[in-house]
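Please keep the sequence and the model in view while reading.

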Amino acid sequence: KPETAWYFAELFKSNFLQKLSWQAGKRADFGLPVNWIKNDIAWNNALAYYQRVRYESTAQSPARQAALTDSIQRISERLYQLRQEISKLYPTVYRYLYQPELPTLSAVKQALGATQTLLSYHWGAPDQLFAFVIRRDTMLAVPLSIAENTADKVVAFFQHCAQNPYRLPD
């Protein structure tokens, strides 16, 4: 369903922008203990690394796959426990950081002028790129064809942004 796809694309962007702002050092501590923020960042980076290694390496031994899966599970559990603690002690901060309010599609449509169009792109999987075209009266989700090496370029761009948030590539 295009509306659901758009919602999840926007949620992904919100999470990505939150991560970039934290890595840029422009983060406020939100009253959270500094070690919690450092752990959140470190564990997210470790999780991304192990997931990437598991995804990219198809010719791994079963023992290596099991070790990667175990590492991913342990880090995920640590993140879950940390976020549960934040949600209990700092519920407002938790909602801001991990459950941001996203506009509904109808609210976005209402905010558009009669002649305005919102164009939003979302890269889903290595071979999937979508354009969301939103006007006051319509919404389309258009799959776009992409070149064979586009996925590698997109991954490289996101990795660059995560590591160098002050300097975006040309």
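Is arginine 74 buried or exposed? Arginine 74 is exposed, its relative accessible area being 52%, where buried stands for under 20% relative accessible area, exposed for over 50%, and partly exposed for what lies in between (1.4 Å probe, protein chains only). The model is predicted, so that local features need pLDDT of at least 70 and side-chain atom pairs count only at pLDDT 80 or more, while totals for chains, interfaces and linings use all residues. Residues are numbered from 1 along each chain as its sequence is written, and side-chain values use heavy atoms, with hydrogens and water left out.

**Salt bridges**

A search of the whole structure finds 2 salt bridges, a salt bridge being a side-chain nitrogen of Lys or Arg within 4 Å of a carboxyl oxygen of Asp or Glu.

| Salt bridge | N to O distance |
|---|---|
| arginine 83 – aspartate 40 | 3.3 Å |
| arginine 74 – aspartate 70 | 3.0 Å |

Because arginine 83 lies in helix α3 (residues 62–89) and aspartate 40 in helix α2 (residues 34–56), their pair ties together parts that are 43 residues apart in sequence; helices here are DSSP runs of H or I with at least four residues, strands are runs of E with at least two, and both are numbered from the N terminus. Within this pair, aspartate 40 is buried at a relative accessible area of 3%, whereas arginine 83 counts as partly exposed at 22% relative accessibility. Arginine 74 and aspartate 70, by contrast, both lie in helix α3, 4 residues apart, about one turn of the helix, and aspartate 70 is partly exposed, with a relative accessible area of 36%.

**Nonpolar cores**

In soluble globular proteins, nonpolar side chains tend to be buried together. A nonpolar core is taken here as a set of buried Ala, Val, Leu, Ile, Met, Phe, Trp, Tyr and Cys residues joined through side-chain atoms within 4.5 Å. The largest such core has 15 residues, of which Leu32 and Ile86 touch the most other members, and α2, α3 and α4 (91–98) each supply at least two of its residues. Leaving aside residues up to four places away in sequence, leucine 32 touches Ile37, Ile86, Tyr90, Val93 and Leu97, contact meaning heavy atoms within 4.5 Å. A second, separate core of 7 residues includes Ala9, Leu112, Phe132 and Ile134.

**A loop residue**

Threonine 115, in the loop between α5 (105–111) and β1 (117–123), is exposed with a relative accessible area of 73%. Threonine 115 and arginine 136 are 21 residues apart in sequence, and their C-alpha atoms are 8.3 Å apart in space.
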